[in-house]
Amino acid sequence: MDDMYREVILDHYKNPRNKGTLDPADFSFEDDNPLCGDRIRIDVRVGEDNKVKEVAFSGQGCAISQASASMLTEHIIGKSLDEVKQLSKDDILELLGIELGPVRLKCALLSLKVLKAGVYGIKDED
């Protein structure tokens, strides 16, 4: 079963979904993981119904961080901002479908951290 999930992760890494930027975006946020150098930016457009209409991510990093961002962006299209706020570490791990050690876990969760910072309106200090 792990092999199937690894193939899905590699597919998202090699053929990322929603890769790019949105300009204008209703909110954007960017952050990095200084331990490994992964960097992700997420841009979101919200519809009048307060649901995610469009999302894009950009950045660079390992297969886990990039695949996680790709999978997360696919997962949130059509969700309300309240639903996005409820997403957790467990949701990301379920999307990835494999167990991760502590270092890889930080890679996998970077996109969720960036998305939530944007949703909650945290100002990027860069």
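Reader: Before anything else, what counts as a helix or a strand here?
Author: Both are DSSP runs, numbered from the N terminus: a helix is H or I with at least four residues, and a strand is E with at least two. The model itself is predicted.

Reader: OK. Where does Asn50 lie, then?
Author: Asn50 sits in the loop that links strand S2 (38–46) to strand S3 (52–60). Its phi is positive, near 65°, and Asn50 is not a glycine.

Reader: Is Asn50 buried, exposed or partly exposed?
Author: Partly exposed, because its relative accessible area is 41%, and that class runs between 20% and 50%.

Reader: What does Ser80 touch?
Author: Setting aside residues up to four places away in sequence, Ser80 touches Asn50 and Lys51. Ser80 is in the loop between H2 and helix H3 (81–86). With a relative accessible area of 17%, Ser80 is buried.

Reader: Which peptide bond is cis?
Author: The one from Asp23 to Pro24, with omega near 10°. Most peptide bonds are trans. Pro24 is found in the loop between helix H1 (2–14) and S1.

Reader: Changing topic: at what angle do H2 and H4 cross?
Author: Helix H2 (residues 63–76) and helix H4 (residues 89–96) have axes that come within 10 Å and cross at roughly 105°. Angles of 65 to 115 degrees count as roughly perpendicular, and H2 and H4 are therefore roughly perpendicular to each other.

Reader: Which residues make the contact?
Author: From H2 they are Ile64, Ser68, Met71, Leu72 and His75, and from H4 they are Ile92, Leu95 and Leu96. By class, the contact of H2 with H4 has six nonpolar residues, two polar ones and no charged ones.

Reader: Ile92, buried or exposed?
Author: Buried, because its relative accessibility is 2% and the cut-off is under 20%. Leaving out neighbours within four places in sequence, Ile92 is in contact with Ser68, Leu72, Ala108, Leu109 and Leu112.

Reader: And how many Å separate Ile92 from Asp31?
Author: Their C-alpha atoms are 17 Å apart, and the two residues are 61 residues apart along the chain.

Reader: Last topic, pockets. What volume does the largest pocket have?
Author: About 150 Å³. Its lining consists of Asp32, Asn33, Pro34, Pro102, Leu105, Lys106, Leu109, Leu110 and Lys113.

Reader: Which element gives the most to that lining?
Author: H5, with six residues. Strand S1 (27–33) and helix H5 (102–119) each supply at least two residues of the lining of the largest pocket.

Reader: And how does the lining divide by class?
Author: The largest pocket is lined by five nonpolar residues, one polar residue and three charged residues.

Technical notes:
Residues are numbered from 1 along each chain as its sequence is written. This is a predicted model: local features need pLDDT of at least 70, side-chain atom pairs count only at pLDDT 80 or more; totals for chains, interfaces and linings use all residues. Side-chain values use heavy atoms; hydrogens and water are left out. On a 1 Å grid over the protein atoms alone, a cavity is a set of points where a 1.4 Å probe fits but cannot get out, and a pocket is an open set with protein on both sides within 12 Å along at least five of seven lines; lining residues have an atom within 4 Å of a point. Grid points are joined across faces, edges and corners, and a volume is the space filled by probe spheres set on the points. Ala, Val, Leu, Ile, Met, Phe, Trp, Tyr, Cys and Pro count as nonpolar, Asp, Glu, Lys and Arg as charged, and the others, Gly among them, as polar. Axes are lines fitted to C-alpha atoms, for helices over the stretch in contact, and angles run from 0 to 180 degrees between N-to-C directions. Angles under 35 degrees count as roughly parallel, over 145 as roughly antiparallel, 65 to 115 as roughly perpendicular and the rest as oblique. Contact means heavy atoms within 4.5 Å. Buried means under 20% relative accessible area, exposed over 50%, partly exposed in between (1.4 Å probe, protein chains only).
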